[in-house]
Amino acid sequence: MLNQSKVRLLTKLAVYEKSQEGKKNIAIRKNFKGDFVSFGIIKTIIAVTVAYLMCVAVYFMCNVQFYVDNILYLDYKTLFFTIGKYYLLVVIAFGLISFLYYTYVFEVAKKDTDKYILRLRKLEKYYEREDEIRKRVGGYKK
């Protein structure tokens with residue numbers, strides 16, 4: 001006999017599993033929080049490094065005439081120190097922002113998948129009750 005609440009529960013589980021958000025959240029929850037956040041921060045730092053190097057290259061290309069004219073008179077130590085200082089500031093700022101972002105994304109995914117897991121446990125209880133009833137009545141038919 002079909003149980004309407006079990007059918008509704010199965011439908012909710014199937015809809016969540018097939019949805020784009022459900023697939024994304026289940027994939028996120030396969031990781032530990034620290035691993036997920038750390039990997040996100042590493043991706044961000046790599047992207048920021050590439051973008052920063054591109055910006056520095058564009059800056060030098062725009063001012064190439066100045067650097068060619070003053071190649072012998074530049075204070076390269078100060079120049080590289082300034083570039084490094086700004087790089088660190090940018091990396092720290094984006095690292096902090098990405099830490100907050102990926103922590104938030106994980107917590108939202110955790111909240112949504114916790115509902116999904118509760119529904120799975122409820123479904124498991126339905127099946128356990130059905131097994132108990134079948135055992136009392138006479139077992140499974142083969």
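Visitor: How many disulfides does the structure hold?
Guide: This is a predicted model, in which local features need pLDDT of at least 70, side-chain atom pairs count only at pLDDT 80 or more, and totals for chains, interfaces and linings use all residues. Residues are numbered from 1 along each chain as its sequence is written, and side-chain values use heavy atoms, with hydrogens and water left out. A disulfide here is a pair of cysteine sulfur atoms within 2.5 Å. By that rule, the number of disulfides is zero.

Visitor: How far away is the cysteine sulfur nearest to cysteine 55?
Guide: Cysteine 55 is in no disulfide. The nearest cysteine sulfur belongs to cysteine 62. The distance is 11 Å.

Visitor: Is cysteine 62 buried or exposed?
Guide: Buried means under 20% relative accessible area, exposed over 50%, and partly exposed in between (1.4 Å probe, protein chains only). Cysteine 62 has 61% relative accessibility. Therefore cysteine 62 counts as exposed.

Visitor: How many salt bridges are there?
Guide: A salt bridge needs a side-chain nitrogen of Lys or Arg within 4 Å of a carboxyl oxygen of Asp or Glu. Counted this way, the total is four.

Visitor: Which residue forms a salt bridge with lysine 6?
Guide: The closest N and O atoms of this pair are 2.7 Å apart. The partners sit 124 residues apart, lysine 6 in helix H1 and its partner in helix H5. Helices are DSSP runs (H or I, at least four residues), numbered from the N terminus. Lysine 6 is buried at 13% relative accessibility, and its partner is glutamate 130.

Visitor: How many residues apart in sequence are the parts tied together by lysine 33 and glutamate 107?
Guide: Their side chains meet in a salt bridge at 2.8 Å, N to O. Lysine 33 lies in helix H3 (residues 33–62) and glutamate 107 in helix H5, so the bridge ties together parts with a separation of 74 residues.

Visitor: Which helix gives the most to the positive patch?
Guide: Patch residues have over 30% relative accessible area and no salt bridge, with like charges joined within 9 Å. Helix H1 (4–18) and helix H5 (76–137) each supply at least two residues. Lysine 125, one of the patch residues, is in helix H5. With seven residues, the top contributor is H5.

Terms used:
Patches are made of residues with over 30% relative accessible area and no salt bridge: like charges are joined within 9 Å, nonpolar side chains (Val, Leu, Ile, Met, Phe, Trp, Tyr) within 5 Å. Accessible areas come from the Shrake-Rupley method with a 1.4 Å probe; for residues, only the protein chains shown count as cover. Lys and Arg count as positive and Asp and Glu as negative; His and the chain ends are not counted. The place of a charge is taken as NZ of Lys, CZ of Arg, CG of Asp or CD of Glu.
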